[in-house]
Amino acid sequence: MADMMRATVASLLKGIDRYNPENLVTLERYVAIQCEENTYDLEANLAVLKLYQFNPSYYQTPVTMRILLKALTNLPHTDFILCKSLLDGARIDDESVQKVIHLANMLECCQFTAFWANLEEEADLVTDIAGFQDSIRKFVCHVVGISFQTIEKDCLSEQLGHISDADLKMWISKYGWEDKGDSVFITNQEELVKTKKITEKISFDSVAEIMAMNSS
């Protein structure tokens, strides 16, 4: 269904027709399908928010929240910032939207333990978004991968949302990390640091000009 809708939506977004508010019914349905089938289309979602911006009477808070939450599933890319930038002050201050922004702020600050605790309290936010938790865990693993050489296994489990031993083993294997018993070896960060050779090129004319200035 998502693949079929993607082609339909792509044709709707061509040319001036992308600003036709009559397309919102189709685009909003496409957002719902993305949530149901764990797919993602940033361009289409931005088009929805742009149409809401031009046509305030059509604005739908639940759809906007789904778009923002889907944007979080694509971290560390800046999709969430792009989507939020299309909301005016009144929309951003909406209590429901603020809940999503609060989640985003915790992820941006890598406060993963607090994020999972908050998400547990606000579980209804993501009940209709397939794969949301695992998408966030991919982002957590990305951060861990560039931040740690070794991490305690209990700490890693906590950062991933207090997952089971079996699930933790799966994530360790997925990223090619090494289980060391009580800890997990991520990578030798020193090996990831690449030296850069800087070569400065100075033309003869530049040298001649400097020497002429010094001799005068």
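The structure is a predicted model, in which local features need pLDDT of at least 70 and side-chain atom pairs count only at pLDDT 80 or more, while totals for chains, interfaces and linings use all residues. Residues are numbered from 1 along each chain as its sequence is written, and side-chain values use heavy atoms, with hydrogens and water left out.

**View 1. Overview of the chain.** The chain has 13 helices and three strands, taken as DSSP runs numbered from the N terminus (helices H or I, at least four residues; strands E, at least two). Of its 216 residues, 38% are buried (under 20% relative accessible area, with a 1.4 Å probe and protein chains only). Among contacts (heavy atoms within 4.5 Å) between residues at least 6 apart in sequence, 64% join residues at least 24 apart.

View 2. The buried residues are Val 63, Thr 64, Met 65, Ile 67, Leu 68, Leu 69, Lys 70, Ala 71 and Leu 72. Their cover includes helix 2, helix 3, helix 5, helix 7 (95-108) and helix 9.

**View 3. The crossing of helix 2 and helix 3.** The axes of helix 2 (residues 24-37) and helix 3 (residues 42-54) come within 10 Å and cross at roughly 135°; axes are lines fitted to C-alpha atoms over the stretch in contact, and angles run from 0 to 180 degrees between N-to-C directions. On the helix 2 side, Leu 24, Leu 27, Glu 28, Tyr 30, Val 31 and Gln 34 meet Ala 44, Asn 45, Val 48, Leu 51 and Tyr 52 of helix 3. By class, this contact has eight nonpolar, two polar and one charged residues (Ala, Val, Leu, Ile, Met, Phe, Trp, Tyr, Cys and Pro count as nonpolar, Asp, Glu, Lys and Arg as charged, and the others, Gly among them, as polar).

**View 4. Buried residues of helix 3.** The 13 residues of helix 3 reach 18 Å from first C-alpha to last, close to the 18 Å expected at 1.5 Å a residue. Ala 44, Asn 45, Ala 47, Val 48, Leu 49, Leu 51 and Tyr 52 are buried in this helix. What covers them includes helix 1 (2-12), helix 2, helix 4 and helix 5.

**View 5. The packing of helix 8 on helix 9.** Helix 8 (residues 112-121) and helix 9 (residues 132-147) pack at an angle of about 170°, with axes 12 Å apart, and are therefore roughly antiparallel to each other. Phe 112, Phe 115, Trp 116 and Leu 119 of helix 8 meet Phe 132, Gln 133, Ile 136, Arg 137, Phe 139, Val 140 and Val 143 of helix 9. This contact has nine nonpolar, one polar and one charged residues.

**View 6. Leu 75 in its loop.** Leu 75 lies in the loop between helix 4 (61-72) and helix 5 (79-84). Beyond its neighbours within four places in sequence, Leu 75 is in contact with Leu 107 and Phe 139. The C-alpha atoms of Leu 75 and Phe 139 are separated by 6.0 Å, although the two residues are 64 apart along the chain.

Definitions and conventions
Parallel < 35°, antiparallel > 145°, perpendicular 65-115°, else oblique. Buried < 20%, exposed > 50% of the residue type's maximum accessible area, 1.4 Å probe, protein only. Expected span 1.5 Å × (residues − 1).
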